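Hello,

Here is the structure we talked about. My notes follow below it.

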Amino acid sequence: MVRSPLKAPQHVQALLDKLHKLSIEQESQLKGDKARFVSTDVSGSADGATPHKYLENDLNSKASLDDLMRDKFIALDEDKCHFVYQLIRAMGATNVIEAGTSFGVSTIYIALAVSENKKDIDGRKLKPGVIATENEPSKAAKARQHWAECGPEVEAEIDLREGNLLETLASNVEQGVDLLLLDIWTPLALPTVKLIQSKLRHGAVILTDHTLTAAEGYKELLAYFEAPNSGFHNLTLPYSGGFEMTVYNPRK
Ligand SMILES: C[S@@+](CC[C@H](N)C(=O)[O-])C[C@H]1O[C@@H](n2cnc3c(N)ncnc32)[C@H](O)[C@@H]1O
């Protein structure tokens with residue numbers, strides 16, 4: 001039996017089950033591995049928001065790509081969400097950033113974990129513990145609906161920044177970020193890390209989805225992490241497509 005660390009009310013668990021199921025159904029209809037949605041050759045006219053190579057057989061313009069993705073979850077796999085939840089609990093994290101929110105599935109796990117952590121330290125008065133980011137207004141609206149369905153424990157924990165995350169994360173991010181989840185198109189991963197790096201606390205963790213299947217797209221990010229004296233230390237977790245756990249321990 002596979003055990004889950006998740007502590008969630010029945011209606012939240014039911015919602016998560018439903019959303020994961022919908023996400024998987026959508027992906028199977030798209031006839032491909034999820035990695036195709038995040039892999040990229042990083043060539044061409046990157047506007048920073050578009051995975052270039054993915055769906056190259058199906059699509060040939062950014063407009064059709066945006067149209068196709070508008071109603072797609074591309075949610076983080078459930079087992080990875082459980083890991084994110086467990087890790088946040090282990091770290092006692094109360095300051096988490098999610099790069100790429102979509103309909104807000106992984107955000108629910110993060111909010112639940114942060115909310116539990118705050119109970120441990122009587123941190124009810126702390127600011128919302130999760131900064132979520134989404135540039136597609138209809139997806140942001142749907143995410144808000146889902147969080148409202150979950151209730152205040154989740155909803156009150158999330159500060160959703162709508163728009164391009166390279167702009168929305170450029171200000172009002174407090175020092176001491178515990179964890180950054182990179183579930184975003186690969187060309188945005190390294191710029192996001194560079195934007196947030198000075199805010200990371202010692203021992204902060206960056207989680208990056210699909211670092212094996214989208215290795216080409218993550219080449220620059222991984223080289224940046226692996227550069228001598230970068231302060232970053234990588235471990236590829238054996239989840240589907242690879243899930244990178246990077247710890248930030250810079251030396252002065
Ligand atoms: C893989 S999905 C995130 C899935 C989400 N973490 C979940 O588990 O439900 C990536 C999302 O990033 C959003 N996105 C793409 N470029 C962005 C940008 N520049 N700023 C903010 N969000 C962006 C996309 O619209 C998409 O919904």
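This is a predicted model: local features need pLDDT of at least 70, side-chain atom pairs count only at pLDDT 80 or more; totals for chains, interfaces and linings use all residues.

Helices 4 and 5 first. Helix 4 spans residues 78–91 and helix 5 spans residues 105–120. Their axes cross at roughly 20° and come within 9 Å. The two helices are therefore roughly parallel to each other. The crossing is right-handed. Helix 4 brings Glu78, Cys81, His82, Val84, Tyr85, Ile88 and Arg89 to the contact. Helix 5 answers with Ser106, Tyr109, Ile110, Leu112, Ala113, Val114, Glu116, Asn117 and Asp120. By class, that contact holds nine nonpolar, three polar and four charged residues.

Next, helices 1 and 6. Helix 1 covers residues 10–29, and helix 6 covers residues 137–150. They pack at about 150°, with axes 9 Å apart. Helix 1 is therefore roughly antiparallel to helix 6. Here His11, Val12, Leu15 and Leu19 of helix 1 meet His146, Glu149 and Cys150 of helix 6. Four of the contact residues are nonpolar, two are polar and one is charged.

- Leu165: a backbone N or O atom at 2.9 Å from a nitrogen atom of the ligand.
- Asn164: a polar side-chain atom at 3.0 Å from a ligand nitrogen atom.
- Gly163: a polar backbone atom at 3.4 Å from a ligand nitrogen atom.

Best wishes

Technical notes: Residues are numbered from 1 along each chain as its sequence is written. Side-chain values use heavy atoms; hydrogens and water are left out. Axes are lines fitted to C-alpha atoms, for helices over the stretch in contact, and angles run from 0 to 180 degrees between N-to-C directions. Helices (H or I, at least four residues) and strands (E, at least two) are DSSP runs, numbered from the N terminus. Angles under 35 degrees count as roughly parallel, over 145 as roughly antiparallel, 65 to 115 as roughly perpendicular and the rest as oblique. A crossing is left-handed if the near helix is turned anticlockwise from the far one by less than a right angle, and right-handed if clockwise. Contact means heavy atoms within 4.5 Å. Ala, Val, Leu, Ile, Met, Phe, Trp, Tyr, Cys and Pro count as nonpolar, Asp, Glu, Lys and Arg as charged, and the others, Gly among them, as polar. A polar contact is a pair of N or O atoms within 3.5 Å; within protein, one must be able to donate a hydrogen and the other to accept it, and residues adjacent in sequence count only if both atoms are side-chain atoms.
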